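Subject: Structure for your files

Hello,

Here is the structure I said I would pass on. My notes follow it.

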Amino acid sequence: MLPVTADDHLPGPVAVLANPTAGRGRHRALLPRLLDGLAAAGRPVRLLPASSPAEAEAACRAAVAEGAGAVVAVGGDGTVHRALQAVAGTAVPFGPIPAGTGNDFALDTGFPADPLAAAAVIAEAVRDGRSRPVDLARMVGVDGVERWYGAVLAAGFDAIVNERANRMRWPRGPRRYDLAILVELARLRPRRYTLRLDGVSHDLDAVLVAVGNCPTYGGGMRICPDADPTDGLLDVVVAGRVNRRTLVRVKPSIYQGTHVSHPLVRSFRARTVELAAEGITSYADGERSLKLPLTISAVPGALRLLR
């Protein structure tokens, strides 16, 4: 899509949400340089105070309500996810600076992998008053709670592993996730899902279900390889009755996106996805999200990116 340009799109300061622990803190020392790079756009830059994910989200919402001209997230997909809850569906443009372990949304929407280069792209867009519309996915739970995500929603094996890892107190760090994978592989079984795609129902048994607005999750795994955040559609990838050996063998191919050619993997595309299964909590952009059942809708142009 063509960029939108208007001098009055960025009337207020640039609000910056920074997660100093993103990517295990490897970009923490870059923050002053990133803020200086953003300030080169000629607008005030305001660093938002936040010491927890809930505070981060609240700070972004408050910044938007107080008239921020733009919101920038410095971190990974989790940081982006918190900021999206505030800017989705508004006229406030957004820029992600990839500085986390997983930077799927930023990279899938065309931002440089280098944080300083991404800040320069965003600063130029701020200076020129330029933004580009992209789609987001909107989730609604049975209780009416609404959430947004930019990359991929996981509602199968990967979500179950995340849920297991989040309950564990030992070991710390990435080894906890590795142990959770081993535990859940030992317990692997297909679950019964009901998918309703633009009103058409599909009842199926599956071990993995992903709904993508963008192609990648988990730091570069192309789980929904054909997803396009500008086409107004969601891509749904389902791995059916896959056993442990097959899942372990197929999983590395997700990085190339070639897993979709496996005979037990099916792909769908829809504007609205209704997803139901027992005992599943979804993870969107890598963050713990809504319990199933839920409804996911592609919302064209819900976000304006500073590119």
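Aromatic pairs come to zero in this structure. The model is a predicted one, and that applies to everything below. One ring does have a charge over its face: Arg 307 lies over Phe 111, at 5.9 Å from the ring centre.

Helix packing

Helix H1 (residues 31-39) packs with helix H5 (residues 115-128) at an angle of about 20 degrees, and their axes are 8 Å apart. Angles under 35 degrees count as roughly parallel, so H1 is roughly parallel to H5. The crossing is right-handed. On the H1 side the contact uses Arg 33, Leu 34, Gly 37 and Leu 38, and H5 contributes Pro 115, Leu 116, Ala 119, Ile 122 and Ala 123. By class, these residues of H1 and H5 are seven nonpolar, one polar and one charged.

Helix H2 (residues 53-65) and helix H3 (residues 77-87) have axes that come within 8 Å and cross at roughly 35 degrees. The handedness of the H2 and H3 crossing is right-handed. H2 makes the contact with Pro 53, Ala 56, Glu 57, Cys 60, Arg 61 and Val 64, while H3 makes it with Arg 82, Ala 83, Gln 85, Ala 86 and Val 87. Between H2 and H3 the contact residues divide into seven nonpolar, one polar and three charged.

For helix H6 (residues 157-167) and helix H7 (residues 174-186), the axes come within 8 Å and the crossing angle is roughly 125 degrees. That angle makes H6 oblique to H7. This crossing of H6 and H7 is right-handed. From H6 the contact takes in Phe 157, Ile 160, Val 161, Asn 162, Arg 164 and Ala 165; from H7 it takes in Arg 176, Tyr 177, Ala 180, Ile 181, Val 183, Glu 184 and Leu 185. The contact of H6 with H7 has nine nonpolar residues, one polar and three charged.

Backbone

Most residues other than glycine have a negative phi, and most peptide bonds are trans. Two places depart from this.

Where is the cis peptide bond? The bond from Leu 292 to Pro 293 is cis, with omega near 5 degrees. Pro 293 is in the loop between strand S16 (287-291) and strand S17 (294-305).

The other place is Asp 198, which is not a glycine but has a positive phi of about 50 degrees. Asp 198 is also in a loop, the one between strand S9 (191-197) and strand S10 (200-206).

Regards

Notes: Residues are numbered from 1 along each chain as its sequence is written. This is a predicted model: local features need pLDDT of at least 70, side-chain atom pairs count only at pLDDT 80 or more; totals for chains, interfaces and linings use all residues. Side-chain values use heavy atoms; hydrogens and water are left out. Axes are lines fitted to C-alpha atoms, for helices over the stretch in contact, and angles run from 0 to 180 degrees between N-to-C directions. Helices (H or I, at least four residues) and strands (E, at least two) are DSSP runs, numbered from the N terminus. Angles under 35 degrees count as roughly parallel, over 145 as roughly antiparallel, 65 to 115 as roughly perpendicular and the rest as oblique. A crossing is left-handed if the near helix is turned anticlockwise from the far one by less than a right angle, and right-handed if clockwise. Contact means heavy atoms within 4.5 Å. Ala, Val, Leu, Ile, Met, Phe, Trp, Tyr, Cys and Pro count as nonpolar, Asp, Glu, Lys and Arg as charged, and the others, Gly among them, as polar. Rings of Phe, Tyr and Trp (its six-membered ring) pair if their centres lie within 6.5 Å; planes under 30 degrees apart count as stacked, over 60 as edge-to-face and the rest as tilted. A charge sits over a ring if NZ of Lys or CZ of Arg is within 6 Å of the ring centre and within 35 degrees of the ring normal.
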